[in-house]
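Good morning, everyone, and thank you for making the time. I would like to walk you through one structure, so please keep the sequence and the picture in view while I speak.

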Amino acid sequence: VTFDRNKFCEIVRRHARFLSPAEDLPTTISLQQLGLDSVGSIDLLLDLEQAFECHFPDTLLTANTFQNATTLELALRSCIQSCNQSAGSKP
Amino acid sequence: MSSQRAPQPYHSGLGTEWIALEQICGAGGSRRAHRPATFDWGGFLRHADRHGVTPFVANELRRFPEAALPDHVSAELQDSLARNRERVTHLRRESLRLSRALEEAGVTFVLNKGIVLASLIYEEGARRMNDCDFVVEPSHAPKVEAVLRTLGYEMGIYSPAAAKVVAHSRADMIIYRLHPDHLPVYTKPVSNGAEAEKTAGSGAGPYIVADFAMSLTWHASKYQIGTGRALAGRRLLALRGFDGAVMPCFEPSFQFIAVAMHLFREAWLERSLVQGRDVSLRKFLDVLRLWRFYRCELATASFKSLVYELGIQRPLAWVMCHMDEVFGSESVVELELSQEVDEEFLHSGERAGGRGARWIGTMRQRLYCADRQTLFPPFLQK
C-alpha cells in the first residue's frame with residue numbers, strides 16, 4: 001500500500017464540512033475549525049483505514065493526530081509504513 | 001439567574017401509574033398514590049422496568065401487605081426481586097475476586113456505583129445491578145487490562161446470538177481510544193464449570209461485565225475532577241453478605257459527586273441519548289438516597305467549598321434542581337446552589353463537537369417519555 005496524497009485530501013475534504021469546494025485543504029488550520037467534530041473524526045479514521053488498508057495503532061488514536069491535515073497525514077504515513085513492514089515480515 | 005424554581009405540579013397526562021411509581025421511588029413507600037379501579041398494572045410494571053426500578057418497587061411494596069396487589073403482579077415483582085438478589089450476590093463475589101487481584105497488582109482503584117450503593121443505601125437486592133463498576137487511576141490502565149485477561153475476561157461484549165464474547169467494532173474501539181475516560185468494556189463468559197452452576201437459573205446471565213472508568217466526568221469535558229484527588233481519600237466499606245470482606249470506595253463527598261456527575265453526563269451528552277443511556281428514575285434514586293444518607297456531611301459549607309473548588313457547581317446544581325423538581329426534595333436550596341442555574345441551562349445539553357443542545361418540557365416529562373429524541377426538536381439545536 002502506498003500513500004496517495006490526492007486520495008488522502010479527497011477523503012479529508014469529505015469530512016471538513018466548513019471547507020468550500022474551491023479552497024485547497026489547509027495544512028495548518030485545525031481540523032476542528034474545518035468542521036470535524038468527534039463523530040466526524042471516527043468516520044474519517046474509518047474511511048482512511050479502509051482506503052489505505054491499514055489500522056491506526058492505539059498510540060496514534062489521540063487528539064494530536066487530528067490537530068490538522070499535516071499531523072493526520074504524518075500519522076497515516078507512519079501507519080502505512082508499519083502495515084507494509086509487518087506484511088513484508090510475514091512468511 | 002433565578003434564585004429558586006417554582007415546584008412543578010404533577011401533569012395529569014402522565015397517568016396514575018407513573019405518579020404511583022414516582023411516589024414509591026421518592027417517598028420510599030411511606031406515601032402511596034391513590035389507585036383508582038382502572039389502575040393499569042401492566043403499564044406500571046413497564047414504567048418500572050424501563051427505569052430499572054422493578055426490584056426496588058418490589059421491595060418497597062412488600063412492606064405494605066394492604067397494597068393488595070393482583071397475584072400475577074405480586075408474583076412478577078417478587079420474581080424480579082429474587083433474581084436481582086442472586087445477581088447482586090454473584091456480582092459481589094466477582095467484584096471481590098477482581099478487587100483482590102487488582103490489589104495484588106498494585107492498582108489504585110475504588111468500586112463505584114451499583115456495587116457500593118447496593119450495600120450502602122438499598123435493602124438487599126433492591127438496587128438493580130448489571131455489571132462491576134470500578135474507578136481506577138488512568139496510569140494503571142495497562143495493569144488493569146493484564147489482571148482482567150488473567151481472570152478470563154475478554155475485551156468485547158456478550159452476544160446472545162453467538163453465545164460468546166464478540167470483539168468491539170472498529171468504530172467502538174476508536175471511540176474508546178479517542179475518548180479515554182473508560183477502558184473498553186471487558187466481559188467474562190460464564191458458560192461452564194463451577195461458576196456456571198452458581199449462576200444457572202439466577203438472574204446473573206451467562207457473562208459478567210467489568211466497567212473501568214478513568215474519569216469522574218468524561219474526556220475533554222470542561223468539568224474535570226482529578227482522579228488522584230478523588231482516589232486519595234478512599235474508605236473501606238463492608239461487602240454485605242461476605243463476612244469480613246471489605247471493598248475500597250470513595251469517601252462520602254466524592255461518592256456523591258461521582259454518582260451525581262454520572263447522572264449529569266448521561267443526561268447532558270447527546271450521545272447517551274442516542275445510545276439509550278439517558279436519565280432514568282434509578283439514576284435519580286441513587287442521587288436522592290445518597291443525598292439523604294449523607295445529608296449531614298453534604299449539606300455543609302465544606303462540601304459546598306469543595307464543589308466550587310472543583311468547578312462543578314453548575315452541573316451539580318443541574319442534577320439537584322431536576323431531582324428536587326421530580327421528588328420534592330430541597331437539596332439545591334440546602335446546598336445553596338440555586339443561583340448557579342437558570343431555565344436555559346437546565347434545558348441544555350451537549351452535542352458532538354461541543355455544540356449546544358436544547359430540550360423542552362420538564363424533567364418529569366423527560367423521564368416519562370419513552371422517545372426522548374422528540375424532546376430535542378431539530379429547530380432548537382445549535
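Which residues of α1(A) meet which residues of α3(A)? Before I answer, let me say that what you see is a predicted model, and let me place these elements in the chain.

Now to the contact itself. From α1(A) come Arg5(A), Phe8(A) and Val12(A), and these meet Ala69(A), Leu72(A), Glu73(A) and Leu76(A) of α3(A). Sorted by class, this contact of α1(A) with α3(A) holds five nonpolar residues, two charged residues and no polar ones.

How are such pairs described? In general, two packed helices are characterised by the angle between their axes and by the distance between those axes. Here, helix α1 of chain A covers residues 5–15 and helix α3 of chain A covers residues 69–89, and their axes come within 12 Å and cross at roughly 125 degrees. At that angle, α1(A) and α3(A) are therefore oblique to each other, and the crossing in which α1(A) passes α3(A) is right-handed.

Let me step back to the whole chain. Among contacts in chain A between residues at least 6 apart in sequence, 56% join residues at least 24 apart. Of its 91 residues, 41% count as buried. Taken along the principal axes, the C-alpha atoms of chain A fill a box of roughly 45 × 25 × 20 Å. Finally, chain A has a radius of gyration of 13 Å, which agrees with the value near 12 Å that a compact globule with 91 residues would have.

Key: Residues are numbered from 1 along each chain as its sequence is written. Chains are lettered from A and ligands numbered from 1 in the order in which they are written. This is a predicted model: local features need pLDDT of at least 70, side-chain atom pairs count only at pLDDT 80 or more; totals for chains, interfaces and linings use all residues. Side-chain values use heavy atoms; hydrogens and water are left out. Axes are lines fitted to C-alpha atoms, for helices over the stretch in contact, and angles run from 0 to 180 degrees between N-to-C directions. Helices (H or I, at least four residues) and strands (E, at least two) are DSSP runs, numbered from the N terminus. Angles under 35 degrees count as roughly parallel, over 145 as roughly antiparallel, 65 to 115 as roughly perpendicular and the rest as oblique. A crossing is left-handed if the near helix is turned anticlockwise from the far one by less than a right angle, and right-handed if clockwise. Contact means heavy atoms within 4.5 Å. Ala, Val, Leu, Ile, Met, Phe, Trp, Tyr, Cys and Pro count as nonpolar, Asp, Glu, Lys and Arg as charged, and the others, Gly among them, as polar. The radius of gyration is taken over C-alpha atoms; the globule rule is 2.2 Å times the number of residues to the power 0.38. Buried means under 20% relative accessible area, exposed over 50%, partly exposed in between (1.4 Å probe, protein chains only).
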